[in-house]
Amino acid sequence: MTQSDTPLSGMVIRPETSGYRRSRLAWEIAIVLLVSVGQSAIYSVVSFVRATTRAPISQQQTQLNPSRSAEPLWDAVYQFLDIFFSLALVALALYLLWEPANNALRRIGLDFRRFGSDLVRGVVLVVLIGAPGIGVYAIGRAIGQSITVVPAPLDSSWWVVTLLVLAALRAGLTEEVIFLGYLFDRLRRLGWSWTGIIVSTALLRGSYHLYQGWPSALGNVVMGLVFGWCYKRWGRVMPLVVAHTLIDIVAFVGYPLAAAWWPGIFAPPASTAP
């Protein structure tokens with residue numbers, strides 16, 4: 001069994017003892033977060049606070065993949081560039097994890113050596129997390145505490161589906177590689193306990209989604225706890241990337257159909273706050 005096949009609890013991740021190295025590592029974590037998921041979490045919290053001071057939350061909406069140009073060709077170009085530069089942040093986290101003679105992709109389990117079992121585990125997580133997540137959103141909408149989330153344009157062209165799939169892959173890689181692969185390694189090196197790491201990253205994941213309303217944020221905290229436990233147990237981030245990507249593909253690509261079938265839950269309100 002190779003190191004990347006070993007549960008994280010069985011891997012040797014020695015805490016840094018040098019004061020200089022610990023300080024440098026803490027600054028590295030802060031910088032990575034401020035240009036990636038941490039920045040988004042701060043904007044999300046501010047967006048939620050702003051939403052609570054305006055019209056009722058149930059009358060507001062947010063778009064996950066908004067159009068960036070009225071011209072289809074340029075909209076596709078801008079969308080693709082946005083995805084490309086977001087993935088550059090994932091590449092940065094992997095670069096920082098890379099060590100001499102220690103492949104970061106294999107160490108965090110982001111490879112295809114066990115893709116069959118990773119795919120099965122990912123599909124199981126989709127069932128365990130994806131379906132209840134829809135229920136949490138529906139309850140939040142029913143009690144007027146969830147902002148209407150529009151994952152994709154209702155009049156999507158056929159080529160938009162490709163961009164939506166890429167956007168789902170972007171979300172899966174960004175969140176799971178940084179929340180799990182990167183932060184688990186770095187916080188462990190600072191001497192954090194596994195419980196502290198799992199709980200803190202789950203809370204960060206929840207704040208990252210707070211702009212959708214507190215029910216969705218709470219649901220993502222639960223998702224973070226489950227994903228964190230799975231990553232510690234399996235030592236592989238790939239099944240979690242698979243699960244997250246599949247959940248988002250269903251949400252993005254299936255949204256027009258869901259909005260048509262259950263407009264009271266998924267369709268944008270007739271009158272929304274700007």
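## Packing of helix 3

The buried residues of helix 3 pack against helix 4 (104-108) and helix 6 (160-189), where contact means heavy atoms within 4.5 Å, and helices are DSSP runs (H or I, at least four residues) numbered from the N terminus. Those buried residues, each under 20% relative accessible area with a 1.4 Å probe and protein chains only, include Asp 75, Ile 83, Val 90 and Leu 97.

This is a predicted model, in which local features need pLDDT of at least 70 and side-chain atom pairs count only at pLDDT 80 or more, while totals for chains, interfaces and linings use all residues. Residues are numbered from 1 along each chain as its sequence is written, and side-chain values use heavy atoms, with hydrogens and water left out.

## Nonpolar surface patch

Helix 1 gives the largest share, three residues, and Trp 27 is found in helix 1.

## Aromatic pairs

The structure holds five aromatic pairs, with ring centres within 6.5 Å and planes under 30 degrees apart counted as stacked, over 60 as edge-to-face and the rest as tilted. The rings of Phe 84 and Phe 85 form an edge-to-face pair, because their centres are 5.3 Å apart and their planes at 75°.

How values were computed
Helix = DSSP H or I, 4+ residues; strand = E, 2+ residues; numbered from the N terminus. Buried < 20%, exposed > 50% of the residue type's maximum accessible area, 1.4 Å probe, protein only. Phe/Tyr/Trp six-rings, centres within 6.5 Å; stacked < 30°, edge-to-face > 60°.
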